[in-house]
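Trainee: Could you go through this one with me? I'd like to start with the charged contacts and then move on to other topics.

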Amino acid sequence: MESTRERIVDAAAHVMRTLGLARATTKEIARAAGCSEALLYKHFRAKEDLFLAVLQERLPGDLPALLAALADSAGRGTVGENLERVAEAAITFYTESFPMAASIFSELRLLDGYREGLRERGVGPQTANAGIAAYLRAEQALGRVRPDADPEALASLLLGGCLHHVFLSNFTEREPAADTARALVRALVREV
C-alpha cells in the first residue's frame, strides 16, 4: 500500500510535469494526491521540498546518487568511463527536469524564493558541478588528470554541454536520440 507521502510525491511529479514548477501550487498537488493541503504540509514544509523530492525520487537515472559516490570512484575504472556515466545520467536528469523547472524563470519572485530555499538546504544545481570538480581533483592527486587542468571549468564544460543538448532538444521539439546523446557524451568527455 502506498503511503500518503508517496502519493503526494507522485502527484507533485505529475502536476509539475504538466503545469511546470511556477504554476504547480500546493493546493493543486494536494488535490491530485487526494489529500488536504494541511496533510501535505505535515510531510513537506514547502513546495521547494516537494520539488527536491521529485528530483531525487521520481526522475529516471540516478544523478544525485552517482554524484554523491563519484569522488570515491577516483582511481577506479577510467576517468573517461566515470565521466561518461555522469554525462549520460545528467542528460537523462535534465531531459526530465528541464520542462518542470524552466517555468520558474518566468517569475522573479518565485525564482528568488527557490534560490533562498535551496540555499538554506545546501542543495541546488551547483552541487553537480562541485561533485564533478571534487572527483577531478581526486583524480589529479592520483596523476590521472593533468595537474594544470581546472576541475571547476571542466565540470562546467561537461554539464553545460549536457544541459545545452537537452535545451536544444526541448526548444526544437525533437526527442534527443539515444545514439546522438551517446555520441555527444563521448565527444564531451574526450574534449574534457
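Trainee: What do the side chains of arginine 144 and glutamate 139 form?

Mentor: The side chains of arginine 144 and glutamate 139 meet in a salt bridge, at 2.6 Å from N to O, where a salt bridge is a side-chain nitrogen of Lys or Arg within 4 Å of a carboxyl oxygen of Asp or Glu. Bear in mind that this is a predicted model, in which local features need pLDDT of at least 70 and side-chain atom pairs count only at pLDDT 80 or more, while totals for chains, interfaces and linings use all residues. Residues are numbered from 1 along each chain as its sequence is written, and side-chain values use heavy atoms, with hydrogens and water left out.

Trainee: And glutamate 139, is that buried or exposed?

Mentor: Glutamate 139 is buried, with a relative accessible area of 0%, whereas arginine 144 is partly exposed at 34%; buried means under 20% relative accessible area, exposed over 50%, and partly exposed in between, using a 1.4 Å probe and protein chains only.

Trainee: How many salt bridges does the structure hold?

Mentor: The structure holds 13 salt bridges, and one of them joins aspartate 49 to arginine 45, with the closest N and O atoms 3.3 Å apart. Aspartate 49 counts as buried at 17% relative accessibility, while arginine 45 is exposed at 56%.

Trainee: Switching to helix 9, which of its residues are buried?

Mentor: The buried residues of helix 9 include Leu154, Leu158, Cys162, His165 and Ser169, with helices taken as DSSP runs (H or I, at least four residues) and numbered from the N terminus. Seen down the axis of helix 9, its buried residues fall within an arc of 135°, so they line one face of the helix; the arc is that of the directions from the helix axis to the C-beta atoms.

Trainee: What does the face turned away from the buried side carry?

Mentor: That face of helix 9 carries the exposed residues Leu157 and Phe171. Phe171 also makes a nonpolar surface patch of about 310 Å² together with Phe167 and Leu168, a patch being made of residues with over 30% relative accessible area and no salt bridge, with nonpolar side chains (Val, Leu, Ile, Met, Phe, Trp, Tyr) joined within 5 Å.

Trainee: Last topic, how many aromatic pairs are there?

Mentor: A search of the whole structure finds 3 aromatic pairs. Phenylalanine 93 and tyrosine 94 form an edge-to-face pair, 6.1 Å centre to centre with 65° between the planes; rings pair if their centres lie within 6.5 Å, and planes over 60 degrees apart count as edge-to-face, under 30 as stacked and the rest as tilted.

Technical notes
Patch = residues over 30% accessible without salt bridge, like charges linked within 9 Å, V, L, I, M, F, W, Y side chains within 5 Å. Areas by Shrake-Rupley, 256 points an atom, 1.4 Å probe, with all protein chains shown as cover. Phe/Tyr/Trp six-rings, centres within 6.5 Å; stacked < 30°, edge-to-face > 60°. Helix = DSSP H or I, 4+ residues; strand = E, 2+ residues; numbered from the N terminus.
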